[in-house]
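User: I would like to learn how to read the interface, the voids and some backbone details of a model. Could we take them in turn?

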Amino acid sequence: MSIPNAPLYDYLPNEGIETIHEMTLRVLEEFGIAFNHDQAVDILERAGCQVDRDAIPAPLVKFPRGLVLEQIGKAPREFTMYARNPQNNVVLGGKHTVLAPVYGPPNVQDLDKGRREATLEDYRNFVKLAQSVPEIHNAGGVVCEPNDEPQATRHLDMMHALLTLSDKTFMGNVVSGENANDCVELAAIVFGGRDKLAQTPAMLSLINVNSPRLFDTRMLDSLFVYARARQPLLITPFILAGAMSPVALGGSLVQQNAEALAGITLTQLINPGTPVVYGSFLSNSDMQSGSPAFGTPESAAALLASAQLARKYKLPFRGGGGLTSSKVADGQAMWEASMTFWPTFLAGTNFVLHAAGWLESGLTSSYEKFVMDIELCRMMQVFRGGIALDEEGLALDAFAEIGPGGYFFGAAHTLRHFRDAFYRPLLADVQNYTRWEQKGAETAEMRAQRVWKKWLREYAPPPMDAGVLEALNEYVARRKQEINAAEAAY
Amino acid sequence: MTPDEILQQMYDNTVLGKVADVTNLTKEGLALEMDPLDMLYGGENKELGGRGLLPALQEVGRRFEVGDFFVPEMLMSAKAMQGALTLLRPLLAAKGEKTVGKIVMGTVKGDVHDIGKNLCNIMMEGAGFEVIDLGVNVSPEKFVKAVQDNQPDVVGFSAFLTTTMPMIKVNIEQLKKAGLRDKVKVMAGGAPVTAHYAEISGTDGYAPDASATARLAKQFVGSDGAVPTGALVDAIAAVENMMSVVEPT
């Protein structure tokens with residue numbers, strides 16, 4: 001999806017953005033960010049940061065403002081990600097919006113079987129769904145956690161599924177540096193070697209900040225591997241205000257900005273020019289119960305302001321998705337998802353993780369909600385298209401043809417455009433009551449179930465060179481053997 | 001201040017979550033040689049209104065249930081209680097009150113998330129448990145050593161990531177290898193951890209939230225054969241009631 005006509009929504013005035021920027025540089029200079037990673041700390045110290053290695057819980061790094069601004073300036077304003085099928089290449093940045101499915105849930109849910117632990121079969125199903133729908137541009141990463149596969153080797157099964165069941169761009173594993181290296185090697189098999197892969201980046205990897213103000217070791221190990229392989233990185237502070245940042249939105253935006261810019265600075269010091277995305281995952285806690293809350297008005301405002309900050313720094317922006325705290329794909333699920341989708345698209349977000357399938361505060365991937373979210377994605381894409389004001393758009397001949405009190409169903413202008421004039425719902429029911437009742441009185445959830453089952457039935461694997469497939473299989477088998485042997489020795 | 005005034009002030013300031021004030025009042029009461037049990041229960045003169053620590057926590061729990069109080073307010077009340085108990089615990093023990101129990105807590109290796117675990121710690125300390133917090137990214141070896149050195153009644157493993165949940169089982173295997181598994185009760189929790197997952201990992205129990213953690217710990221200590229009774233157990237019950245409505249964090 002690209003080149004929308006509708007303008008982007010500036011929630012804060014420019015002086016507001018400047019205030020956040022100034023405060024951010026002060027936080028980076030005076031309070032600093034902790035990095036639980038010796039090599040990262042060495043690099044930052046050499047670049048001129050002030051380092052306290054004995055700080056608790058991890059070495060604390062204070063950034064001179066000049067360094068931050070100089071380094072983030074090295075990151076590309078937009079970049080292309082290359083898919084196995086060139087038709088699925090995507091641009092991150094500018095006016096482009098790339099949508100990816102839900103990421104991370106240990107559980108799945110559908111109408112037939114209810115909520116349960118996700119398996120590799122579920123994982124493969126969600127990759128197939130992501131491949132099937134044109135609204136999704138990136139097949140995702142942890143579309144759900146395949147709990148039935150051993151922890152130490154499941155990243156190989158996941159990457160194998162992403163590379164073989166889909167020919168779209170995808171996301172790398174960030175559980176460890178070793179896992180990240182496996183992902184790079186597997187992608188290199190498909191993309192013609194590590195050097196070629198570096199020139200045609202294929203996977204985007206999600207580096208979360210353990211907010212407040214802490215980068216952990218595993219994430220940083222992965223960041224090093226991907227930055228050196230020149231694969232794009234998504235630096236995202238994980239913030240639920242009230243728990244992981246102040247209850248004030250202004251302060252939360254400052255903290256998020258400081259964390260994101262610190263991570264991006266590190267990526268550019270490791271490998272200047274590495275493609276990065278400025279990430280935002282900023283919602284709030286429910287302060288009465290302490291639980292995370294999604295689709296809140298505050299998170300909507302924060303999303304719009306976060307996108308403005310990314311624009312100020314000329315960096316691609318990640319945020320939003322179909323976020324909700326609801327346990328089932330019900331009314332709450334969809335109004336909270338809508339409350340997040342609106343600002344996501346009004347902000348011109350460049351990468352939307354969790355665009356389809358997110359449920360239960362990210363603890364469940366829902367088959368039905370996946371379809372419901374696709375409906376929202378489709379509507380948002382039409383909304384972003386703008387309003388045509390050319391001759392056909394203004395439809396003067398229709399006025400000439402149809403007089404006062406007439407109707408337009410048979411007008412020549414109508415006959416030229418009626419099939420694609422308006423958005424046709426994927427899921428929404430617009431029949432009258434009697435017809436709806438006669439057709440089984442299905443709720444949205446029931447209709448969504450029929451749709452995802454149809455998509456899975458009709459899924460066709462994208463073609464793959466037999467030699468490449470064999471090399472992938474061989475790599476996965478060999479690494480499983482090595483890892484299992486190492487585990488047994490432990 | 002008279003002892004009655006101190007008891008009233010303890011109640012008021014615990015409800016309001018004024019940690020330093022409650023600690024100071026406790027010290028002042030001890031200087032006047034007041035009975036620690038009176039400070040816990042509020043003393044004899046019930047007609048004087050809310051007095052003492054436990055009735056204060058009951059009031060906090062009531063206010064939380066009707067939606068007047070939020071999590072941060074409840075946390076501060078528990079912290080105020082925790083501060084007072086730190087001073088009162090040795091005196092209560094000297095009076096023959098049974099200590100409630102000792103708990104080793106930590107976030108498993110590879111995981112640095114600790115907000116949920118810290119909430120559990122505060123609630124359990126407020127309830128009179130002695131909590132030894134090993135922090136985050138705790139290796140199996142460190143858990144084993146802490147269990148050896150401290151001989152706790154319970155050890156609690158916290159995991160926030162699907163990728164670190166398997167460390168719960170690894171930790172238990174290491175406890176087995178060290179011959180410690182039958183000497184300590186094991187509980188586990190964290191956002192992605194379910195009762196089923198805790199069970200197949202080999203724990204003795206699972207707690208979905210901070211209040212359930214305190215409740216579970218109490219069950220464990222009770223099931224040891226030596227069912228604890230007395231003032232500190234009442235303290236647990238008070239915190240437990242106060243927290244009973246809190247959602248998983």
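Analyst: We start with contact, which means heavy atoms within 4.5 Å; by that rule, 27 residues of chain B are in contact with 19 residues of chain A. This is a predicted model, in which local features need pLDDT of at least 70 and side-chain atom pairs count only at pLDDT 80 or more, while totals for chains, interfaces and linings use all residues. Residues are numbered from 1 along each chain as its sequence is written, chains are lettered from A and ligands numbered from 1 in the order in which they are written, and side-chain values use heavy atoms, with hydrogens and water left out.

User: How much area do chain B and chain A bury between them?

Analyst: Buried area is the accessible area (1.4 Å probe) that two parts lose on being put together, summed over both. Here chain B and chain A bury about 2000 Å² between them, with 57% of it on carbon and sulfur atoms. On the side of chain B, Val112(B), Thr162(B) and Thr163(B) lose the most area to chain A, together 26% of what that side buries.

User: Which elements of chain B give two or more residues to the side that touches chain A, and how many polar contacts and salt bridges are found there?

Analyst: A polar contact is a pair of N or O atoms within 3.5 Å, where within protein one must be able to donate a hydrogen and the other to accept it, and residues adjacent in sequence count only if both atoms are side-chain atoms. The rule finds seven residue pairs in polar contact across the interface of chain B and chain A, both at pLDDT 80 or more. A salt bridge is a side-chain nitrogen of Lys or Arg within 4 Å of a carboxyl oxygen of Asp or Glu, and the count between chain B and chain A is zero. Helices (H or I, at least four residues) and strands (E, at least two) are DSSP runs, numbered from the N terminus; those that give two or more residues to this side of chain B are α5 (71–94), α7 (140–150), α8 (166–177) and α9 (195–200).

User: What lines the largest cavity?

Analyst: On a 1 Å grid over the protein atoms alone, a cavity is a set of points where a 1.4 Å probe fits but cannot get out, and lining residues have an atom within 4 Å of a point. Grid points are joined across faces, edges and corners, and a volume is the space filled by probe spheres set on the points. The search finds four cavities of 30 Å³ or more, and about 110 Å³ of space lies in the largest. Its lining includes Phe281(A), Phe294(A) and Leu323(A), and β14(A) gives the most, with three residues.

User: Where are the cis peptide bonds to Pro57(A) and Pro212(A)?

Analyst: The bond from Ile56(A) to Pro57(A) is cis, with omega near 5 degrees, and Pro57(A) lies in the loop between β2 (50–52) and β3 (60–62) of chain A. The bond from Ser211(A) to Pro212(A) is cis, with omega near 5 degrees, and Pro212(A) is in the loop between β10 (203–209) and β11 (214–215) of chain A.

Notes
1 Å grid on protein atoms, 1.4 Å probe; cavity = no way out; pocket = protein on both sides within 12 Å on 5 of 7 lines; lining within 4 Å.
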